[in-house]
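Trainee: I am new to this one. Could you show it to me and let me ask how the terms apply?

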Amino acid sequence: MSLSSADINSIVAALHESDWDEAVVSVGDVKISVARNGAHLPGGSTAMTTPAPVAEPVVAPVAAPAVAVSAPIPSSPAATAHAPANATDFAITAPSIGVLWRSPEPGATPFIEVGQRVEVGDTVCIVEIMKLMNNVASTVTGIVTAVHAENGATVEYGTPLFSVDVTAN
């Protein structure tokens, strides 16, 4: 059995909307481990040595967005390090955990740079998770004012990737 990128996004979204700091999900021979808020997953281990008490799981359908959600930079401690100076800037955020690729292939020109104009639907980067390449598209029109994640960086769901000044039309 395999997992699609929508399945993985649903798992990440479920963790994001829950009170949990970490989760390990196994489907067939595929195992996904996700953590947040500084929680550390067991490194290289195939099983947790002391399972945490778990309540009966609640299954609810979660709609995974096809593109990254653009919203004002959240006020979490991790995001405030990348808070834009301009209140009209919006953050293009990571749609899932994975590795950020700023260009379509190694050595190619990045999709976008600071100062460049982006339109709704423009591909701004790729987030790779388990060899699945997910294009991240802009949901706003404006001028890129900041790049918050470097090429090859590991990002988490909701991590600010780019700031866009939406008043610069």
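Trainee: What makes Ala 94 a contact of Val 155?

Mentor: Contact means heavy atoms within 4.5 Å. Leaving aside neighbours within four places in sequence, Val 155 is in contact with Ala 94, and also with Ser 96, Ile 97, Gly 98, Leu 100, Val 127, Ala 149 and Leu 161. This is a predicted model, where local features need pLDDT of at least 70, side-chain atom pairs count only at pLDDT 80 or more, and totals for chains, interfaces and linings use all residues. Residues are numbered from 1 along each chain as its sequence is written, and side-chain values use heavy atoms, with hydrogens and water left out.

Trainee: Why are β5 and β10 called paired?

Mentor: Strands are DSSP runs of E, at least two residues, numbered from the N terminus. Two of them pair if DSSP finds at least two bridges between them. β5 (residues 98-101) and β10 (residues 154-155) have two bridges, antiparallel, so they pair. Gly 98 has Val 155 as its bridge partner in β10.

Trainee: What joins β5 to β7?

Mentor: Three bridges join β5 to β7 (residues 123-129), and the two run antiparallel. Trp 101 stands opposite Ile 126.

Trainee: What makes a set of residues a nonpolar core?

Mentor: Its members are buried Ala, Val, Leu, Ile, Met, Phe, Trp, Tyr and Cys, joined through side-chain atoms within 4.5 Å. Buried means under 20% relative accessible area (1.4 Å probe, protein chains only). The largest core has 16 residues; Val 155 is among those with the most contacts inside it. β7 and β11 (160-165) each give two or more residues to this core.

How values were computed. Helices (H or I, at least four residues) and strands (E, at least two) are DSSP runs, numbered from the N terminus. Buried means under 20% relative accessible area, exposed over 50%, partly exposed in between (1.4 Å probe, protein chains only).
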